[in-house]
Amino acid sequence: MAPKPSNESECMVVPAAAIGIAVPNKFDTIKTNEKADEEFRIYDANESPERVVEHYRDMRKYHTVDFYRKMEEKYNFTNGKYRRLMTIEEAFAELENYVDASDPDLDLPNLLHLLQTAEGLRRAGHPEWMQLTGLLHDMGKIMFLWGNGKDGQDGYNPKGKQWALGGDTFVVGCEIPDDAVVFPEFNKLNPDMSNPKYNTKYGMYEPHCGLDSLCFAWGHDEYMYRMLVANETTIPQAGLDMIRYHSAYPLHDKGAYRHLLKPEDEARIEWVQLFNRFDLYTKDGSNDLRTSIKDLLPYYRNLLEKFNLGGKLKW
């Protein structure tokens with residue numbers, strides 16, 4: 001089971017009423033640009049760019065329990081460990097020229113997508129903690145600074161391997177659901193699917209063990225969640241869940257893994273589904289905020305201070 005960061009127990013689920021916002025019943029009523037839903041997330045071996053197909057082939061082939069444990073050790077924050085001290089703005093500068101190889105919907109730098117998401121949430125009137133979550137949610141891709149192509153974390157080469165930085169995540173350590181992942185034909189490439197310890201419905205997990213006991217394919221989501229917890233942010237649990245599980249499309253979009261969840265996990269997934277409307281449907285090349293960055297940053301600097309993320313942070 002996935003170990004919890006040392007101070008995770010201090011991060012309690014915040015009820016919707018306490019946050020002052022209700023999760024909408026129908027997420028498809030939330031639109032943040034003019035593109036139709038079906039124009040997003042086209043994953044087809046005949047239609048998707050080859051870089052996307054290759055990315056998901058590698059994800060399915062290399063994301064195993066052993067790899068998760070390797071990355072967990074490499075990016076360990078326990079006992080004060082970290083790799084570099086940087087401000088959020090310094091990390092933005094490092095990410096400026098990084099483009100996600102797994103995303104068929106956007107070829108803009110990640111910083112612009114983060115601003116698109118945050119500003120979409122802001123325009124919709126969502127609370128400050130959620131706006132800040134939008135700004136930070138993909139920043140875990142900063143792992144490319146310490147990664148390499150062998151481990152799927154090459155962000156320096158335009159054609160580098162990035163299968164452990166981005167892309168839809170799935171639970172490792174149990175059967176990969178064919179009906180809930182993109183490119184299910186690649187599931188058979190995963191070594192754990194030949195291991196009877198991991199290739200069953202429950203695998204290494206107990207029934208209804210709960211969301212936080214599951215190990216999702218290692219990527220920017222898990223890293224950024226742990227980074228924020230290690231730096232003692234005051235973003236509420238709903239925001240941390242948005243960051244930790246927003247790439248888990250088999251979970252929040254296809255309804256997989258319900259046999260492993262606790263009843264209270266359903267409300268947490270609803271927050272992730274709400275966030276997903278802004279993460280996905282603000283991706284639009286015509287919504288380019290490059291000329292607005294200098295005007296927007298002072299607002300978000302204030303939010304960083306407010307949620308205990310000002311100054312140098314552990315990465």
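In this predicted model, helix α7 (residues 220-230) packs against helix α8 with an angle of about 150° between them and their axes 7 Å apart. Because angles over 145 degrees count as roughly antiparallel, α7 is classed as roughly antiparallel to α8. On the α7 side, the residues that meet α8 are Asp-221, Glu-222, Met-224, Tyr-225, Leu-228 and Val-229. Their partners in α8 are Leu-240, Ile-243, Arg-244 and Tyr-245. By class, this contact has 7 nonpolar and 3 charged residues, with no polar ones.

One of the α8 residues in this contact, Tyr-245, belongs to a helix that covers residues 237-245. Tyr-245 counts as buried because its relative accessibility is 2%, where the limit is under 20%. Apart from neighbours within four places in sequence, Tyr-245 is in contact with Leu-211, Asp-212, Phe-216, Asp-221, His-252, Arg-268 and Val-272. With Asp-212 there is a polar contact between the two side chains, at 2.7 Å. Thr-169 is 76 residues from Tyr-245 in sequence, yet the two C-alpha atoms are 8.4 Å apart in space.

Back in α7, the residue to look at is His-220. An unreviewed UniProt entry annotates His-220 as "binding site". His-220 also counts as buried, since its relative accessibility is 2%. Leaving out residues up to four places away in sequence, His-220 touches His-137, Asp-138, Gly-140, Lys-141, Met-143, Leu-165, Gly-166, His-246 and Ser-247. For Leu-165, the backbone oxygen lies 2.6 Å from a polar atom of the His-220 side chain.

Notes: Residues numbered from 1 in each chain as written. Predicted model: local features only at pLDDT ≥ 70, side-chain atom pairs only at ≥ 80, totals over all residues. Heavy atoms only, no water. Helix = DSSP H or I, 4+ residues; strand = E, 2+ residues; numbered from the N terminus. Buried < 20%, exposed > 50% of the residue type's maximum accessible area, 1.4 Å probe, protein only. Contact = heavy atoms within 4.5 Å. Polar contact = N/O pair within 3.5 Å; in protein donor to acceptor, adjacent residues only side chain to side chain. Axes fitted to C-alpha atoms, helices over the stretch in contact; angles between N-to-C directions. Parallel < 35°, antiparallel > 145°, perpendicular 65-115°, else oblique. Nonpolar A, V, L, I, M, F, W, Y, C, P; charged D, E, K, R; others polar. UniProt positions renumbered as here; feature names shortened; annotations may be inferred.
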